[in-house]
Amino acid sequence: MTASGVALSVKQPWAALLTAGVKTVEVRTWPTTRRGTVFLHAAKVPDARPHGWSFVSTPALTRDATLGGGVVAVAELVDCVTYPDEAAFAADAARHRNLPAWFRPPRLYGFVFADVRPLPFRAVAGNTFFFPVSGVTLPPPAGPVIIIDPPEGQDARTHDSPPDPRPVS
């Protein structure tokens, strides 16, 4: 199945760390009111600062952190927190993984992600802010699919995979 939506470009290794759940907050200088599904895009140009790379500790993370210039995951953007000062920024370091000295006045913002799911890499040009993407391949659902609004004449039921779209005979 393919999908369309918006993406946020994140430099490596941060995109790989988000995808792996090592970090759950992406820091920006601008806030967002956006919530919901967002594709995570690995920027073509990686972050040269060594601190982020210190979290790349497995062969899988090393491999994923080499990907650049494309969509690597899909996630739910669930909140945007404000860091009004360096102390607040430092207090949340376990979620964003940045050094306290990276704080820049007057404030920074943290985009909080949940339910991050890796995707097959798809080359897509990035952008600084949210940008549209289409044709991204989504994996099948991990768990059972519950049909809430079944076709007429059928009862709601649970499936281990999406229902067959062919008519029932």
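# Sheet, cores and salt bridges in a predicted model

Biologist: Where is the place of threonine 32?
Modeller: Helices (H or I, at least four residues) and strands (E, at least two) are DSSP runs, numbered from the N terminus. On that numbering, threonine 32 is placed in the loop between strand 2 (25-28) and strand 3 (36-42).

Biologist: What kind of model is this, and how are residues numbered?
Modeller: This is a predicted model, in which local features need pLDDT of at least 70, side-chain atom pairs count only at pLDDT 80 or more, and totals for chains, interfaces and linings use all residues. Side-chain values use heavy atoms, with hydrogens and water left out, and residues are numbered from 1 along each chain as its sequence is written.

Biologist: Does threonine 32 count as buried or exposed?
Modeller: Buried means under 20% relative accessible area, exposed over 50%, and partly exposed in between (1.4 Å probe, protein chains only). Threonine 32 has 12% relative accessibility, so this residue counts as buried.

Biologist: Which residues does threonine 32 touch, not counting residues up to four places away in sequence?
Modeller: Contact means heavy atoms within 4.5 Å. With residues up to four places away in sequence left out, threonine 32 touches Leu77, Cys80, Phe111 and Phe130.

Biologist: In what order do the six strands form the open sheet?
Modeller: Two strands pair if DSSP finds at least two bridges between them. The pairing in this open sheet is mixed, and the order of its six strands is 2-5-4-3-1-6.

Biologist: How many bridges pair strand 1 with strand 6?
Modeller: Strand 1 covers residues 2-10 and strand 6 covers residues 131-137. Threonine 2 stands opposite threonine 137 in strand 6. The two strands pair in the antiparallel sense, and the number of bridges is five.

Biologist: In what sense do strand 1 and strand 3 pair?
Modeller: Serine 9 stands opposite histidine 41 in strand 3. Strand 1 and strand 3 pair over four bridges, and the sense is parallel.

Biologist: How many bridges join strand 3 to strand 4?
Modeller: The bridge partner of phenylalanine 39 in strand 4 is valine 74, and that of leucine 40 is alanine 73. Strand 3 and strand 4 run antiparallel, and the bridges that join them number seven.

Biologist: Over how many bridges do strand 4 and strand 5 pair?
Modeller: Glutamate 76 has alanine 114 as its bridge partner in strand 5. Strand 4 and strand 5 pair in the antiparallel sense, and the number of bridges is 11.

Biologist: How many residues of strand 4 are buried?
Modeller: Strand 4 has 14 residues and is largely enclosed by the rest of the structure.

Biologist: Which residues have the most contacts inside the largest nonpolar core?
Modeller: A nonpolar core is a set of buried Ala, Val, Leu, Ile, Met, Phe, Trp, Tyr and Cys residues joined through side-chain atoms within 4.5 Å. The largest has 33 residues, and those with the most contacts inside it are Leu8, Val38, Tyr83, Phe89, Phe111, Phe113 and Phe130.

Biologist: Which element gives the largest share of this core?
Modeller: Elements that give two or more residues to this core include helix 1 (14-20), strand 4 (70-83) and strand 5 (108-123). The largest share is seven residues, and the element is strand 4.

Biologist: How many salt bridges does the structure hold?
Modeller: A salt bridge is a side-chain nitrogen of Lys or Arg within 4 Å of a carboxyl oxygen of Asp or Glu. One of them joins arginine 95 and aspartate 92 (2.8 Å, N to O). The structure's count is eight.

Biologist: Which residue forms a salt bridge with glutamate 26?
Modeller: Glutamate 26 counts as buried because its relative accessibility is 8%. The closest N and O atoms of this salt bridge are 3.4 Å apart, and the partner is arginine 28.

Biologist: Is arginine 49 buried or partly exposed?
Modeller: The side chains of arginine 49 and aspartate 47 meet in a salt bridge (2.7 Å, N to O). Aspartate 47 is buried, with a relative accessible area of 7%. Arginine 49 has a relative accessible area of 42%, so this residue is partly exposed.
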